[in-house]
Amino acid sequence: MSETPHLDILRSPLGRVRGLGSAHAGSAHWWAQRLTATALVPLTLWFIWSVVRLSTASHQAVADWLSAPIPLVLMLALVAITFHHLQLGLQVVIEDYVHEEPAKTASLVLSKTLCWLLALVCVVSVLKIGL
């Protein structure tokens, strides 16, 4: 019993991919990068302004300042958005420049894990000072 010939061999490389289209999976990632970058602009400016203003303050004065609701929430937002933006950027770099699948998967898991752990350490530190 013979199999029917595979017609794909008669097609050009362009003909094989034409009509497949995009998976549309990258647009959410792209938007997340742009939104986190946009949110980081005012948060970073606020953070720099706060550091300059509090540069001569004592530890207790900084702790008192951070214990107020607005600075505490803004600091936590800065930490969360910074590490999420970092993870998104690292993911793009790894996906673009690491070509072996096992190394790519391991790098993605490692970078995401490190970003989560560092964000958790920063959140706990901010909460420890602020509360």
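Gln33 lies in helix α2, and the model in which it is seen here is a predicted one. Because its relative accessibility is 15%, and buried means under 20%, Gln33 counts as buried. Leaving out residues up to four places away in sequence, Gln33 touches His85, Leu88, Gly89 and Val92.

Thr36 also has its place in helix α2, and with a relative accessibility of 9% Thr36 is likewise counted as buried. When residues up to four places away in sequence are not counted, the residues that Thr36 touches are Ile81, His84, His85 and Leu88. Thr36 and Ala80 are 44 residues apart in sequence, while their C-alpha atoms are 9.8 Å apart in space.

## The largest nonpolar core

The largest nonpolar core has 13 residues, and those touching the most other members are Trp65, Leu66, Met75, Leu78 and Val126. Helices α2 (26-53), α3 (59-66), α4 (69-97) and α5 each supply at least two residues of this core, and α4 gives the most, with five residues.

Met75 can be looked at in more detail. If its neighbours within four places in sequence are left aside, Met75 is in contact with Trp46, Phe47, Trp65, Leu66 and Val126.

Methods: Residues numbered from 1 in each chain as written. Predicted model: local features only at pLDDT ≥ 70, side-chain atom pairs only at ≥ 80, totals over all residues. Heavy atoms only, no water. Core = buried A, V, L, I, M, F, W, Y, C linked by side-chain atoms within 4.5 Å. Buried < 20%, exposed > 50% of the residue type's maximum accessible area, 1.4 Å probe, protein only. Helix = DSSP H or I, 4+ residues; strand = E, 2+ residues; numbered from the N terminus. Contact = heavy atoms within 4.5 Å.
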